[in-house]
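This briefing covers selected packing features of one protein chain. The sequence and structure come first, followed by notes grouped by topic.

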Amino acid sequence: MIEHPVAEVLPGSPSPLGAHWDGTGTNFALWSAGASAVELCLFDADGTEHRQPLTETTHQVWHGRLPGIGPGQRYGYRVHGTYEPSTGQRYNPAKLLLDPYARAVDGGLELHPSLFGHADSPEGPPDDRDSAPHVPRGVVVHDIFPWDGDRPLRTSWSDTVIYEVHVKGATMRHPDVPAHLRGTYAGLAHPAFVEHLQGLGVTAVELLPVHQFVSEPHLLRRGLTNYWGYNTLGFFAPHAAYSSAGGGGGQVTEFKTMVKALHAAGIEVILDVVYNHTAEGDHTGPTLSFKGIDNSGYYRVDPQNPARYTDYTGCGNTLDVRRPAVLGLLMDSLRYWVTEMHVDGFRFDLAPALARSTHDVDRFSAFFDVVHQDPVVSQVKLIAEPWDVGPGGYQVGNFPPPWTEWNAAYRDTVRDVWTGAHVGVRDLAYRLTGSSDLYRSDGRRPFASINFVTAHDGFTMRDLVTYQDKRNEANGEDNRDGESHNRGWNCGVEGETDDLAVNALRGRQVRNLLSTLLLSTGVPMLTAGDELGRTQQGNNNAYCQDGELSWLDWTQVDEDLRAFVAHVLRLRRSAPVLRQEAFFEGHELPGTGGTRDLAWFAPDGGQLTTADWFDTGLQTVGMYLDGRGIRGRDAHGRPVVDDSYLVQLHAGPDPVTVELPGPPWADGYELVLSTEYATGAPPETTVVAPGPIQLPGRCVWLLKVLRRP
C-alpha cells in the first residue's frame, strides 16, 4: 500500500454520487453522514493500493476529482469514524468498502476473518486486519453503447406473458450455445435461447437478481454458493460472474447487448430486484460496504439495541428506506437501469419491507409516493412480491396503483383444486377471472394479478406432481429449509417411477396446471424449465445449488410439453376474450338473447346457484366467456369483438357427464384444447353439439363457441 497521492485531488462535485469520468478525470462522491474522514483507495493492476483523502464535504457527501483517472480504474473506500456497535456506529478503516454507486464490480469475495468488522465478538472491539485482498472493488466505467434506436417495447399488460429465468441456469447446459457464452448475458441473448422464447410465445423475461451479489459466509463455509442471487452488494452493477467479458467493465456492455437483442426479438426485460436488504447480513455479518460507510444511516437498527438490526426480511438486516439518502439510492438505481440499461420493469423482492413506516406496512409511505410521481420509474412495469417476514407482512391485494402483484392466492387455489382438495369453485372463479376480490376496489385492473403456479422458490411443475415431501438434504440444513406444505400431490407414488399409468397421470396434471394458468385472466408467469419437464429431484429450495440440479437440462426436453405450452399461448394470443383488460360484470348482453359476458355452469347445464358456490365437493365447472361483451376498445376507438369460449375444468378423478349449454349460448362447439392430449391439440377437428358429453377424469377443455349465421 502506498499512502502518497498519485494525483492531485481537486474539490470536484458532490453530485452525482459514485464515480463518473468526464473525459479527462473522474469525480468520486460518497454519502456518509457520520464519518470523520474518508479515503479513496485506487488499485493498480498488480493490486498496489493508493489512498487519497477526500477532504471536501457537502451535505454529508465526501467528494473529489482526480485528473488522469479514467475507465477501468479499480477503487474502493476506507471510512473513518467511531466504532461503537452499542450506538449503531461501525466505522472501521481497516475494511475496504465497495462504493454503493459502483457501475461495475471486479473480483470476488473470499471467506477470511478480515471480512468482519469486529474481532472476538460482534459487540467487542474492532478488527484491525486489512480486508482489501479478500473483497471486490468498484470499477470506473464509461460505456458509450450503440443502442441504434432501441426503444422500450411497452407491451401492454394484457398481452404480457412472463418467463421467470436465471441468467446462468438458462444456458449452462445448452448444446447450441457456444461453450464460452454459456451461463452469461451473451448466452441468454444467443439465437438458440431467444428462438426458444419466441417459439413458446412469451413476451418478457423476468431475470432472477442480476445486481452484483456475493455468497453468505455460512454457505461458503459449507462449500456452497448463493445461486439465486438474493444477496445484493451493488445496486448499479450487473453481476460480473454472468459476463463472458469478465469484471473490468465489459459486463455493462454485455448486459446492454443482451437487452438490445431481446428487444429486437420482441421480448421485454424485467429485473428481480432486492432493495430490502444487503449482503452484509446481521450484526455478525461481514463489513463490505454500507455497514462501514454509515451503518445506522443505511440500516434499520433496533431502537432498543442499536447493535442489532430490525429484520423484516429474514436475511439479517433491512435497508431503511425511510431515510432520504437510502430512498435516493433506490430511486437512482431504478432510474439507471431504465435509462442507461433499457430494462422494462422490476419485480421487487419482499416489497412490504420497503413500505414500512415505524413498524407497519404503510400504503402512504414515502416509497410509494416517490415511485408514483417519478417520471421514469412510474412508467415501467412494477411487480411486487407482496409479503415479507415481519408482522402484517402478507399484503396480497393491498399495493396501490400502478403496482401489480405476484398473486399467491392464485397459486394456492389452483394447486389445491388440482391436488383434489375439496375447496369448491368459489375461490377458483375469482382466480380464473383476474381476482376482482383483491384488485378491483382500488381501481386496478385484472392485469394487477401476476398469476403463477410455480416460481424459482419451491417445487418445479414436474416435482409438484412427483413429490409429496421436499428433499433438500443437499443444502446442508438437514432438510429443515424450504416450505413443508407445498399443496402438491405425487399421484400416488413418491418420487420418480417407471409406472406408465402414474407417469401418464403426472403428465396430465402438469398440463392441467399449465392450461389453467395460461387460460386465466391476468398476467401469466411461467417458470423456466416447466415447459421442458425440468426436475430438481424434489429440492424445493435450490437457492444454493449452482449446478446441474438447478440448470435447465436441454438434453432431456419433453417436446410434447413444450408444444403444449406453445399451443395454449397461441390460443391465448389469438383470443382477446382470454386477455381481458377490465373485470367481468356478469351482466346480460343486449341483443344476444340472454347471454352474459361471464357465466358459470354446473355439470347439469344450469348456471351455478348460491348452493353450488358454497359446495366444497363440486369439482367440475364450466366458465363461459362471451367475446361480444369485452369492455374495451382498440387504439382506433373501435369495440373489441372476439369469438366466445367455454372452458370446462374437471378436477375429479373419474369421468363425468356434463351438459353443454345450447342456444342462446351456443349452437355448437369446437374442441380446440384438451389436456388429455400430450400436445393439447385434438388429433382432428372435433365439433360437438350442445347437450350431454363425457369429460375424462382430471382434464381441462377449451371449446370455441359456434353460432349459425
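Is Val9 buried, partly exposed or exposed? The structure is a predicted model. Val9 has a relative accessible area of 30%, and since buried means under 20% and exposed over 50%, Val9 is therefore partly exposed.

**Surroundings of Val9**

- Val9 is located in the segment that precedes strand 1 (18-21).
- Leaving aside residues up to four places away in sequence, Val9 is in contact with Gln52, Pro53, Leu54, Gly64, Arg65 and Leu66.
- Val9 and Glu340 are 331 residues apart along the chain, and 28 Å separates their C-alpha atoms.

**Nonpolar cores**

- The largest nonpolar core has 161 residues, and Tyr163, Phe346 and Phe348 touch the most other members.
- Helix 7 (residues 324-339) supplies the largest share of this core, with nine residues.
- A second, separate core holds 20 residues, among them Ile270, Leu350, Ile383 and Leu438.
- Phe346 touches Ile270, Leu271, Val273, Leu334, Trp337, Val338, Val380, Lys381, Leu382 and Ile383, when residues up to four places away in sequence are not counted.

**Helix 3**

- In helix 3 (residues 191-200), the buried residues are Ala192, Phe193, Val194, His196, Leu197 and Leu200.
- Residues three or four places apart in an α-helix point the same way, because the helix has 3.6 residues a turn.
- Gly201 follows helix 3 and has a positive phi, near 105°.

**Helix 13 against helix 14**

- Helix 13 (residues 500-519) packs with helix 14 (residues 559-574) at an angle of about 20°, and their axes are 10 Å apart.
- Angles under 35 degrees count as roughly parallel, so helix 13 and helix 14 are roughly parallel to each other.
- The crossing of helix 13 past helix 14 is right-handed.
- On the helix 13 side, the contact is made by Val510, Arg511, Leu514, Ser515, Leu518 and Leu519.
- On the helix 14 side, the residues are Leu561, Phe564, Val565, Val568, Leu569 and Arg572.
- Sorted by class, this contact of helix 13 with helix 14 comprises nine nonpolar, one polar and two charged residues.

How values were computed
Residues numbered from 1 in each chain as written. Predicted model: local features only at pLDDT ≥ 70, side-chain atom pairs only at ≥ 80, totals over all residues. Heavy atoms only, no water. Axes fitted to C-alpha atoms, helices over the stretch in contact; angles between N-to-C directions. Helix = DSSP H or I, 4+ residues; strand = E, 2+ residues; numbered from the N terminus. Parallel < 35°, antiparallel > 145°, perpendicular 65-115°, else oblique. Left-handed = near helix turned anticlockwise from the far one by under 90°. Contact = heavy atoms within 4.5 Å. Nonpolar A, V, L, I, M, F, W, Y, C, P; charged D, E, K, R; others polar. Core = buried A, V, L, I, M, F, W, Y, C linked by side-chain atoms within 4.5 Å. Buried < 20%, exposed > 50% of the residue type's maximum accessible area, 1.4 Å probe, protein only.
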